[in-house]
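Reader: I should like to go through this structure with you. Could we begin with how far it can be trusted, and then turn to the ligand and the annotated sites?

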Amino acid sequence: MKTSVIGFPRIGTLRELKFASEKYFKKEITADELLQTGKELRKIHWNTQKEAGIDFISSNDFSFYDILLDTAVLFGIVPKRYKELNLSELDTYLAMARGYQGASGDVKALAMKKWFNTNYHYIVPEVEDDTEIKLSGNKPFEQYNEAKSLGIETKPIVIGAYTLLKLCRFTGEKSSNDFVDALISAYQSYVKKAEETGISWIQFDEPALVRDTDSEDIALFNKIYSAFLSSKNSSKVLVQTYFGDVRDIYEDLIKLPFDGIGLDFIEGKETFSLVEKHGFPEDKLLFAGLVNGKNIWRNNYDKTLQTLTRLQKKGINCVLSTSCSLLHVPYTTKHETKLSANHLSYFAFAEEKLCELAELKALAENANYKNEASYQANVKLFAGERDCYSEDVHKRLSLVTESDYTRSPERRKRQELQKKEFGLPEFPTTTIGSFPQTREVKANRSAFRKGDITEAEYKEFNKKQIADCVKFQEDIDIDVLVHGEYERNDMVEYFGEALGGFLFTEKAWVQSYGTRCVKPPVIWGDVYRKKAITVEWSAYAQSLTKRIMKGMLTGPVTILNWSFPREDISIKESISQIALAIRDEVLDLEKNGIKIIQIDEAALREKLPLRKSDWQKEYLDFAIPAFRLTHSGVRPETQIHTHMCYSEFTDIIPAIDNMDADVITFEASRSDLQILTALKEHNFETEVGPGVYDIHSPRVPSVDEIVATLHTMLSKIDRDKLWVNPDCGLKTRGIPETEESLKNMVAAAKIIRNEA
Ligand code: GLN
Ligand code: ZN
């Protein structure tokens, strides 16, 4: 039996790619130096996999920003406005990813969206009416050859034509159907070129197949692949799916002339029964995704081997694979010096998963595997008790009643009361919470962590930052202030550290988008609040100003979704535990004079199951009540805000209204404003602050631009419900652009206030 890895983390074991890219953005290194770093990283990543004994190693899973964007560029999908900048190939690419403001012009970045149900973000390619889709690049072949010259045979990956088509935006009159034929011949040229290059296996990632797929979609998929598979001869083609099962299209999929089909046995609840029911062709390889590419717990060998045996008994030729790209887990446990050996023994990051694949392969080929040490050690691990149980948490949860999920009075009444209480102007201005995290801010935190400065010194520095931040906001006349979140490394880690049940890593970074990485904590045991978390900072900030200071918390759904969850209890149970812990903090803030409390649910949308039929029962039915549980105990006058990154909640507007927040802010500038129409149609009751400018880019929006955006918003949103704020937190931005952008934002709000 062979082993396969769908994709490997590309950012480097210590985020080398991030640091090199950022240096390049700041013009501290040349393009060649950046390219060289990429090359060195690829070499390490391939060798690591080769040394671990992996048989099918991917190439072209490396990217300087995003693999979907790479695929789009490969097929010539580059909007005119970027070409017209006349930049180098690399800079044109980065302009699409990050926006460009400089001597050659001023263009925004392409939209960015969550990659299926992960916290990874892809860049949304734009197809214009006159876009000529054709094979236009060499990256997969170059990277294949690069690996080859190191003596490593790889399978280059690109995103498949179907998923690409589904994820592109069509900005002109034409629709996706108009591009199918061009796309087919572009992929045909790709296969042909792969064959000329002497590549033996190519991988097309088709995760879009795990979504709801109707007969039209199935026909489209059939059309695409029967067309271009018919002309292939020497290269073998693997179609790789992940993040779920392919129940709607399975029967068609196995009939197409693929040489390998990759299925996810971890998130694909029905994968096994599909194979059981409809069989799997003998002449193809089943790439069985049995090692979880999304979570960090060790694989349960016994379960995996049983599944493999059952598949093999059916005469299926299996390749043991990861369930998705290892991009979604950290690189290695080796850099973790603070976790106990006991804790670490439960974890497998990307490198350790390679070792699991190799061990499982050896065991699967051994009839007496039960005698092997690796098997026995694994069985022992799963048989043992983890210290993760808290009697108090279980008792408290059992006492929660229906009324704990309901805030009173109803929102309309609260809105009246709050308007009176706060006396804010029309279109109140605010920000999402964090202010730029400068080098000094980060250095202060890290000095404190290392014990280089005292707690008093640490706090004094932050208080000075807060004071400056408050003063700046007052000076430019923002209405609802924030303290700036200087004490936070990350919106989840910061909270997790004050909660029982969480474990933290030092270097377990996972790429979120481009050069941005996150370090999700691990939910190890039952969760409860150990001590007050934010109260001291918020109360201090409030003491500096007569304006309202907004308290800033992360909500339970986001804390859970941006952590590595337990696999031994349900998501529902974990979320409820976290909700009670956050409820304690909400009530504490209120008690300490904080009148507006924002509970961020940045990640609520992203974990919505990929299939509609699962939305309610498997998610919303407990995620929304969990949010209500956090704030149902506050006074009517206390205003609850929530914030969500990405406005793609058009389909679940009633559920969002049902969170019963008073105000919601969300990303809107980098996606079209469709959401506004939908909000209107649903009589959305929550007040809204759709972001008026994009904070993911250093570009400064002009006053006119923001006024125009606000006019569009006002055509859909009632005057008394509209807030004015940026898209998201400002922590990744520099100070100069932040100050300028916010000034322009306040000026724009004032202009529309003066309009009748
Ligand atoms: N309050 C957080 C911040 O401003 C929200 C971040 C987020 O939505 N991702 O940074
Ligand atoms: Zn956000």
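Predicted model: local features only at pLDDT ≥ 70, side-chain atom pairs only at ≥ 80, totals over all residues.

Reader: What ipTM and pTM does the predictor give the complex?

Author: The ipTM is 0.99 and the pTM is 0.90.

Reader: Which residues come nearest to ligand 1?

Author: Ile-432, Gly-433, Ser-434, Ala-602 and Gly-729 do, out of 13 residues around ligand 1.

Reader: And how is that shell made up by class?

Author: Six residues of the shell are nonpolar, four are polar and three are charged.

Reader: Now the annotations. Which residues does the "binding site" entry with His-643 cover?

Author: The UniProt annotation, from an unreviewed entry, covers His-643, Cys-645, Glu-667 and Cys-728. These positions extend over 86 residues of sequence, yet they cluster in space, with a largest C-alpha distance of 8.6 Å.

Reader: Where does His-643 sit, and is it buried or exposed?

Author: His-643 belongs to strand β22, residues 639–644. It counts as buried because it has 29 C-beta neighbours inside 10 Å, and the cut-off for buried is 20 or more.

Reader: What sheet is β22 part of?

Author: Strand β22 is in an open sheet of six strands, with the order β15-β20-β21-β22-β23-β24 and parallel pairing. The edges are β15 (480–481) and β24 (687–690); each has a single partner strand, so one side of each lacks a neighbour in the sheet.

Reader: How is β15 joined to β20?

Author: Two bridges link β15 to β20, residues 548–554, and the two strands run parallel. Leu-481 has Met-549 of β20 as its bridge partner.

Reader: Back to UniProt. Which residues are listed for "binding site" along with Lys-114?

Author: The unreviewed entry lists Arg-15, Glu-16, Leu-17, Lys-18, Lys-114, Asn-119, Arg-516, Cys-517, Trp-562 and Glu-606. They are spread over 592 residues of sequence and also in space, up to 27.4 Å between C-alpha atoms.

Reader: What of Lys-114 itself: buried or exposed?

Author: Lys-114, which lies in strand β5 (residues 112–114), counts as buried because it has 20 C-beta neighbours inside 10 Å, and the cut-off is 20 or more.

Reader: One last topic: what span should helix α17 have?

Author: At 1.5 Å a residue, the 12 residues of α17 (411–422) should span 16 Å, and the end C-alpha atoms are 16 Å apart, which agrees. After α17 comes Gly-423, with a positive phi near 55°.

Conventions: Residues numbered from 1 in each chain as written. Chains lettered and ligands numbered in written order. Helix = DSSP H or I, 4+ residues; strand = E, 2+ residues; numbered from the N terminus. Expected span 1.5 Å × (residues − 1). Near = placed C-beta within 6 Å. Nonpolar A, V, L, I, M, F, W, Y, C, P; charged D, E, K, R; others polar. Pairing = 2+ DSSP bridges. UniProt positions renumbered as here; feature names shortened; annotations may be inferred. Buried ≥ 20, exposed ≤ 12 C-beta atoms within 10 Å, placed from the backbone.
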